[in-house]
Amino acid sequence: MHRLTGLSLAAVALCMLVFVPNRLSARDDGRYANSPLKTWFDQLASGKGLCCSFADGVSVEDVDWDTQNGRYRVRIQGQWLVVPDVAVVAAPNRFGPAVVWPYQDIDGATQIRCFLPGAGA
């Protein structure tokens, strides 16, 4: 049990340090501490692991995400990216709008760690 907790904390720390691109970086500055959805956001995960928290995610307007050929896609910084199936969060969306957790890989390309489709999708 202790080992699992340590791994979970390490995963969250990694999300905060590595998986948030410079232009879209965010941190939990306490704004969401009293949100009734904070605990729910903190436990969200995709097949790529924990999504971190809402402070690390970016809310996506309806015009900036859709489906094409049975796959989700999202517009990030003016570029449409296909969401890898493994990055789709299977949990129902309690928040409402779609949320994406982008990051930059070692080559500087934008990747998607998690994508939560908008409610009603």
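**Close-up views of the predicted model**

View 1. Residues are numbered from 1 along each chain as its sequence is written, and side-chain values use heavy atoms, with hydrogens and water left out. Strand β7, residues 98-104, pairs with β8 in the antiparallel sense over six bridges, where pairing requires that DSSP finds at least two bridges between the strands. Five residues separate the two strands of this hairpin, and Gly108 in the turn has a positive phi of about 90°. Strand β8 is mostly covered, with six of its seven residues buried; buried means under 20% relative accessible area, exposed means over 50%, and partly exposed lies in between (1.4 Å probe, protein chains only).

**View 2. The whole chain as context for the close-ups.** The protein has two helices and eight strands, which from the N terminus on run α-α-β-β-β-β-β-β-β-β; helices (H or I, at least four residues) and strands (E, at least two) are DSSP runs, numbered from the N terminus. Of the 121 residues in the protein, 34% are buried. Among contacts between residues at least 6 apart in sequence, 61% join residues at least 24 apart, a contact being heavy atoms within 4.5 Å. The accessible surface comes to about 7400 Å², and 53% of that surface belongs to carbon and sulfur atoms; the areas come from the Shrake-Rupley method with a 1.4 Å probe, and for residues only the protein chains shown count as cover.

**View 3. The open sheet of β4, β5 and β6.** Three strands form an open sheet in the order β4-β5-β6, with antiparallel pairing. Strands β4 (65-68) and β6 (79-82) stand at the edges, each with a single partner strand, so one side of each is left without a neighbour in the sheet. On average, and with direction ignored, neighbouring strands of this sheet are turned by 35° against each other; strand axes are lines fitted to C-alpha atoms (for helices over the stretch in contact), and angles run from 0 to 180 degrees between N-to-C directions. Strand β5, residues 71-76, is joined to β6 by four bridges, and the two run antiparallel.

View 4. Asn69, in the loop between β4 and β5, has a positive phi of about 55° although it is not a glycine, and at 75% relative accessibility Asn69 counts as exposed. Gln77 lies in the loop between β5 and β6, which form a hairpin with two residues between them. The phi of Gln77 is positive as well, at about 50°, although Gln77 is not a glycine, and with 41% relative accessibility Gln77 counts as partly exposed.

**View 5. Aromatic pairs around Tyr72.** A search of the whole structure finds five aromatic pairs, where rings of Phe, Tyr and Trp (its six-membered ring) pair if their centres lie within 6.5 Å, and planes under 30 degrees apart count as stacked, over 60 as edge-to-face and the rest as tilted. The rings of Trp65 and Tyr72 have their centres 6.0 Å apart and their planes at 45°, so this pair is tilted. Trp65 is buried at a relative accessible area of 13%, while Tyr72 is partly exposed at 22%. Tyr72 also forms a tilted aromatic pair with Phe115, 5.4 Å centre to centre and with 50° between the planes. Tyr72 lies in strand β5 and Phe115 in strand β8 (residues 110-116), so the pair ties together parts that are 43 residues apart in sequence. Phe115 is buried, with a relative accessible area of 0%.

**View 6. An aromatic cluster.** Trp40, Phe41 and Phe95 are linked into a cluster by ring pairs.

Notes:
This is a predicted model: local features need pLDDT of at least 70, side-chain atom pairs count only at pLDDT 80 or more; totals for chains, interfaces and linings use all residues.
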